[in-house]
Amino acid sequence: MFSNILVTGGCGFVGSNFVHYVHRNHPEVHITVLDALTYAGNLENISSLLSHNVDFVHGDICDDELLDRVVPEHDAIVHFAAESHNDNAIVDPAPFIRTNVEGTFHLLEAARMYDVRFHHISTDEVYGDLALDDPARFTEHSPYRPSSPYSASKASSDMLVQSWHRTYGLRTTISNCSNNYGPYQHVEKFIPRQITNVIDGLRPKLYGDGLNVRDWVHTDDHSSAVWAILTRGRSGESYLIGANGERNNLTVMRAILCEMGQPEDAFEWVKDRPGHDRRYAIDATKLRTELKWKPMHTNFEAGLRETIRWYIDNQQWWRPSKAVTEQKYRAQCR
């Protein structure tokens with residue numbers, strides 16, 4: 001068991017939910033959150049936990065001097081920090097290479113220097129995509145076939161982690177997770193963007209034909225899986241996290257509209273983005289059998305209903321980002 005963990009990117013969506021999960025379920029564990037507070041990081045996400053066995057350090061994971069001060073105090077690093085929005089990566093991939101590749105390198109070197117357990121948060125997007133009529137799912141043995149600057153940067157960081165384990169014997173694990181949903185997700189992402197558009201009386205937008213399939217997992221289930229891998233996973237191994245939540249984007253859009261009292265066709269079709277993957281699907285057998293993990297939020301509609309309620313009840317949280325996000329999308333469509 002770990003007594004002091006460093007969580008990078010702990011003010012972002014999945015990172016902050018993990019901090020809340022550990023604080024709620026393992027209050028004896030001291031957590032230090034290291035976050036650069038870029039546009040997607042929000043200190044409000046963890047503000048209620050500060051001084052309650054949770055500390056915050058504002059800084060960049062590429063800053064070696066900072067890492068030399070922070071890392072030695074901890075016995076594990078859980079690395080969430082990443083640029084993650086595909087639309088942004090298409091417009092400007094440079095920040096994705098710096099944070100996701102270079103940042104992971106700097107953290108690995110610090111973990112190696114101070115012999116700190118390292119868990120790396122990755123994505124199923126490193127495997128590319130599957131055809132809509134393909135019965136297969138991704139497994140830990142699926143070949144890497146990234147198809148976007150974002151997924152290529154995450155594949156690169158995965159390979160760095162794998163090589164630091166093999167070459168230096170660093171105690172590492174990797175988790176590749178499917179699409180998360182839940183509270184604290186930035187309004188640029190698919191589900192919160194549609195929810196907040198409906199709240200504001202705007203017509204939601206749907207890329208392409210809407211048949212792209214994503215494998216949805218509630219962020220609380222992601223957090224519990226990461227904790228299981230961190231504390232019980234075998235060093236050098238990768239584990240895929242999924243909850244059998246495959247749905248296409250059109251189905252999710254209609255579910256949001258229905259839940260919010262709108263006609264199911266009350267949205268606009270927009271031009272598809274370049275390189276848009278068709279289908280993701282996770283086979284989490286290894287995680288379920290080896291670590292005895294199972295998701296608790298297996299009813300997607302109920303989880304979506306709770307998520308919609310959170311955005312309705314927490315408009316002061318997302319409104320500062322909403323106008324900027326929509327202006328950015330309008331500029332990209334010109």
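Three strands make up an open sheet with mixed pairing, in the order β7-β9-β11; strands (E, at least two residues) and helices (H or I, at least four residues) are DSSP runs, numbered from the N terminus, and two strands pair if DSSP finds at least two bridges between them. The model is predicted: local features need pLDDT of at least 70 and side-chain atom pairs count only at pLDDT 80 or more, while totals for chains, interfaces and linings use all residues. Residues are numbered from 1 along each chain as its sequence is written, and side-chain values use heavy atoms, with hydrogens and water left out.

- At the edges stand β7 (179-181) and β11 (246-248), each of which pairs on one side only.
- Neighbouring strands of this sheet are turned by 50 degrees against each other on average, direction ignored; axes are lines fitted to C-alpha atoms, for helices over the stretch in contact, and angles run from 0 to 180 degrees between N-to-C directions.
- Three bridges pair β9 (residues 213-218) with β11 in the antiparallel sense, and the bridge partner of V213 in β11 is N248.
- Helix α8 (residues 249-259) packs on the sheet and touches β9 and β11, contact meaning heavy atoms within 4.5 Å; the direction of α8 makes about 80 degrees with that of β11.

**The seven-stranded sheet**

- Another open sheet has seven strands in parallel pairing, in the order β3-β2-β1-β4-β5-β6-β10.
- Because β3 (54-58) and β10 (237-241) are edge strands with a single partner strand each, one side of each is left without a neighbour in the sheet.
- Strand β4 (residues 76-79) runs parallel to β5 (residues 117-123) and is joined to β5 by four bridges; A76 has R117 as its bridge partner in β5.
- Helix α7 (residues 219-232) lies across β1 (4-8), β4, β5, β6 (172-177) and β10, and runs at about 145 degrees to β5.

**The annotated domain**

- UniProt lists residues 6-307 in an unreviewed entry as "domain: NAD(P)-binding"; its positions are given in the numbering used here, feature names are shortened, and annotations may be inferred rather than shown by experiment.
- Over residues 6-307 the chain is 38% helix and 18% strand, with the end C-alpha atoms 27 Å apart.

**The cavity**

- A search of the whole structure finds one cavity of 30 Å³ or more, a cavity being a set of points on a 1 Å grid over the protein atoms alone where a 1.4 Å probe fits but cannot get out.
- The largest cavity holds about 40 Å³ of space, a volume being the space filled by probe spheres set on the points, which are joined across faces, edges and corners.
- Residues lining the largest cavity include N86, E125, R273 and Y280; lining residues have an atom within 4 Å of a point.

Technical notes
On a 1 Å grid over the protein atoms alone, a cavity is a set of points where a 1.4 Å probe fits but cannot get out, and a pocket is an open set with protein on both sides within 12 Å along at least five of seven lines; lining residues have an atom within 4 Å of a point.
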